[in-house]
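Open the model in your viewer and keep the selection tool ready. Each stop tells you what to pick and what is there.

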Amino acid sequence: MSHNGIRYRQDKRIETRTGYWRLFQTTSVLLALLPKLLAQQAPGLSTVVPPAALQLDIPHSYNPIGAYRASLVSQPNLANSPRLDDLIRNGVLELSLDDAIALALENNLDIAIARYNIPIAKADILRTQAGGSFRGVNTGVVQNTPGGGVGGFGSGSSGAGAGGTSGGAGGAGSGASGLVQSTLGAGTNVSSYDPTVTIAVNVEHFTEPLSNTTIYGVQTLQSNTTNGDFVYSQAFPTGTSFSASFINSRDTSNSSFNLLNPTLNSYYRVLVQQQLLAGFGLGPNLRFVRIAKNNQKISDQSFKLQVATTVTQIANMYWDLVAAYEDEGVKSHSLEFAQHTLDSSRKQLALQAIPAMDVMKDEAEVANREQDLTIAKTTLEFQELLIKNALTKNLDDPILEAIPVRPTDVNAIEQANDSGPTEDLIARALRDRTELLESYIDLDSRHISRDAARNALLPQLSATAFYGGTGLAGLQNPAQSIASTAPSNFGGAVVNAFNNTAPDYYLGFSLNIPIRNRVAKSDQYRSELETRQAELRLQQLKKQIRIEVRNAQYALLQSKARMEAARKARDLANKTFSITTQEQSLGTGSAIQTLTARRDLGVAESALVAAMTAYQKAQIEVHRAVGDTLDFYSISIESARTGIAPAGTHH
């Protein structure tokens with residue numbers, strides 16, 4: 001299966017190169033140079049073009065028509081990154097911890113899912129800049145990759161819940177970690193800040209039989225009306241609304257009493273309204289924008305936490321793979337020695353130098369070691385499957401699924417160092433933990449909502465002023481003896497509307513006082529309670545982080561002690577095995593004693609592997625608790641966002 005996998009990938013690369021060279025077959029010169037170019041190509045050079053950086057931000061266009069066209073998001077790329085093929089050598093996926101982290105940044109689906117939350121948050125900002133309410137962003141951490149769980153306290157699937165699923169006032173009633181956030185975004189109504197243009201054009205023919213000819217002079221009135229209206233309206237964050245109207249009409253009828261037929265009317269009006277109490281100022285009117293920007297900051301921090309969580313998970317899985325790989329070697333060596341002892345015993349039995357009972361004991365030992373090796377091999381295969389699943393977007397290829405994984409950082413687990421004084425780690429954690437940063441931002445959003453809810457308690461007092469003018473024009477009705485002084489064309493009507501000959505102006509105040517005001521009072525007081533609740537949650541989170549750091553430090557010290565004890569036990573078992581082997585060679589010891597000593601050595605070696613792995617994972621947990629996982633592995637958030645890991649090492 002592995003040989004077929006190598007041949008399959010070699011064939012695919014040759015096919016790719018052939019496709020490139022066909023572009024140059026139009027000239028005989030390049031055809032002549034083609035063998036030389038192939039000969040000069042460095043062996044092992046990958047011809048796979050690296051994937052383009054993932055771009056999910058909402059596209060911006062200066063084309064005014066673009067605002068009315070749908071912006072589509074391309075289908076997710078479910079192909080594994082070329083780095084995976086480059087790491088397959090001789091039918092084996094040779095994997096270092098740095099390679100595993102790089103593959104996770106490029107292929108892990110947990111990170112790929114969380115990557116969409118960033119442009120979703122940016123789209124929310126665009127919505128609120130137009131006066132719309134925020135829809136909220138997801139602040140949880142995706143942990144759907146099987147294996148390699150993240151330890152510690154409070155490392156669940158959700159982060160700080162500022163606007164987590166709530167769109168605005170009246171949204172979801174509860175947030176993350178038991179926090180209530182139903183008043184997030186509460187306050188007065190916010191009008192649209194995008195200008196709106198309304199154009200209405202209509203033509204009407206109206207016929208009406210009349211019972212009295214005194215008014216119109218005819219028994220059946222027939223009229224034709226053409227209207228052309230234009231209205232521009234816009235609101236501003238100060239609580240100001242503005243509108244400008246330009247209304248025009250053309251009326252004709254069969255009435256002989258009209259002075260002008262057709263009659264041309266033109267009217268304009270400019271209106272300004274300002275809120276003076278509730279809804280006044282930038283605070284309540286820009287709260288959606290400010291909360292949406294805070295949500296974007298939380299989304300950025302949440303993505304950073306997602307990357308750190310996934311990297312922690314991948315590191316744990318990698319060392320589980322290392323442990324399974326080493327344990328399989330230990331079990332294999334134990335079986336080899338047991339099989340060698342059995343072969344020797346059978347030869348001695350043939351010479352009648354030992355009883356048959358000794359051979360039967362050796363056979364039982366071989367059976368036990370075969371069982372142990374089978375368990376170790378299946379455990380290793382499962383760990384290989386887990387890490388390949390975590391480092392790929394697509395595992396449907398049966399060849400890739402069957403390829404074994406060989407960890408290359410096997411000895412690195414013995415190089416772990418202590419992490420430093422606990423108080424220094426706590427100070428760093430309180431400075432760097434993304435959960436705390438999210439909580440601070442969330443608390444700021446709650447303060448914004450609280451201030452807006454206080455403003456909404458005030459009565460609504462608005463000042464309205466408008467100024468307009470009317471213009472009239474039309475042709476003289478021949479049936480009328482009175483001479484008309486109105487201009488005859490539409491241009492004259494427009495001039496009369498704007499020359500202040502027929503002005504229309506207004507100034508007024510409107511006061512709306514809700515008696516008892518219980519709805520606004522309830523929202524305001526509830527926002528106060530939710531803010532105080534979030535402050536307590538922040539303090540609780542600080543205490544929790546302190547406990548996490550200390551717990552991680554204690555676990556590190558304990559795992560280090562276990563590792564030292566396991567190393568001493570391994571050394572002692574090795575010495576015992578050497579002594580029994582020497583005694584057996586001198587004829588003073590038995591094969592059963594040597595076999596028992598070898599079995600004890602295998603148990604001690606497996607225990608040492610488990611202890612060393614636990615120590616390495618305790619180091620990983622310390623970095624998670626302190627919040628410096630990304631710095632420790634030299635991971636760039638920008639590369640995680642684009643889904644392209646740098647070519648260099650991470651650690």
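Select Asp432 and Arg431. They form a salt bridge, with the closest N and O atoms 2.8 Å apart. A salt bridge here is a side-chain nitrogen of Lys or Arg within 4 Å of a carboxyl oxygen of Asp or Glu. Arg431 counts as exposed, at 54% relative accessibility. The scale is this: buried means under 20% relative accessible area, exposed means over 50%, and partly exposed lies in between (1.4 Å probe, protein chains only).

A word on what you are viewing. This is a predicted model, in which local features need pLDDT of at least 70, side-chain atom pairs count only at pLDDT 80 or more, and totals for chains, interfaces and linings use all residues. Residues are numbered from 1 along each chain as its sequence is written, and side-chain values use heavy atoms, with hydrogens and water left out.

How many salt bridges does a search of the whole structure find? The search finds 24.

Select Glu564 and Arg567 next. Their salt bridge has its closest N and O atoms 3.4 Å apart. Both sit in helix H14 (residues 518-586), three residues apart, so about one helical turn separates them. Helices are DSSP runs of H or I with at least four residues, strands are runs of E with at least two, and both are numbered from the N terminus. An α-helix has 3.6 residues a turn, so residues three or four places apart point the same way. Is Arg567 buried or exposed? Arg567 counts as buried, at 19% relative accessibility. Glu564 is partly exposed, at 32%.

Now pick Arg570 and Asp571. Their side chains meet in a salt bridge of 2.9 Å, N to O. Arg570 is partly exposed, with a relative accessible area of 25%. Asp571 is partly exposed too, at 32%. Then select Arg433, Glu435, Glu548, Glu621 and Arg624 together. Salt bridges that share partners join these residues into one network.

**Helix H13**

Select residues 490-498, which make up helix H13. Which of its residues are buried? They are Gly492, Ala493 and Ala497. These residues cover an arc of only 140° around the axis, so they lie on the same side of H13. That arc is taken from the directions from the helix axis to the C-beta atoms.

The buried residues of H13 pack against both strands. Contact means heavy atoms within 4.5 Å. Step just past H13 to Asn500, which takes a positive phi of about 65°.

**A sheet of three strands**

Select strands E1, E2 and E7. They form an open sheet in the order E1-E2-E7, with mixed pairing. Two strands pair if DSSP finds at least two bridges between them. E1 (88-89) and E7 (405-407) stand at the edges with a single partner strand each, so one side of each has no neighbour in the sheet.

Zoom in on E2 (residues 92-95) and E7. They pair in the parallel sense over three bridges. Glu94 has Arg406 in E7 as its bridge partner. Helix H8 (residues 287-350) packs on this sheet and touches E2 and E7. The direction of H8 makes about 95° with that of E7. Axes are lines fitted to C-alpha atoms, for helices over the stretch in contact, and angles run from 0 to 180 degrees between N-to-C directions.

**Zoom out**

Show the whole protein. It has 17 helices and nine strands. Of its 651 residues, 42% count as buried.
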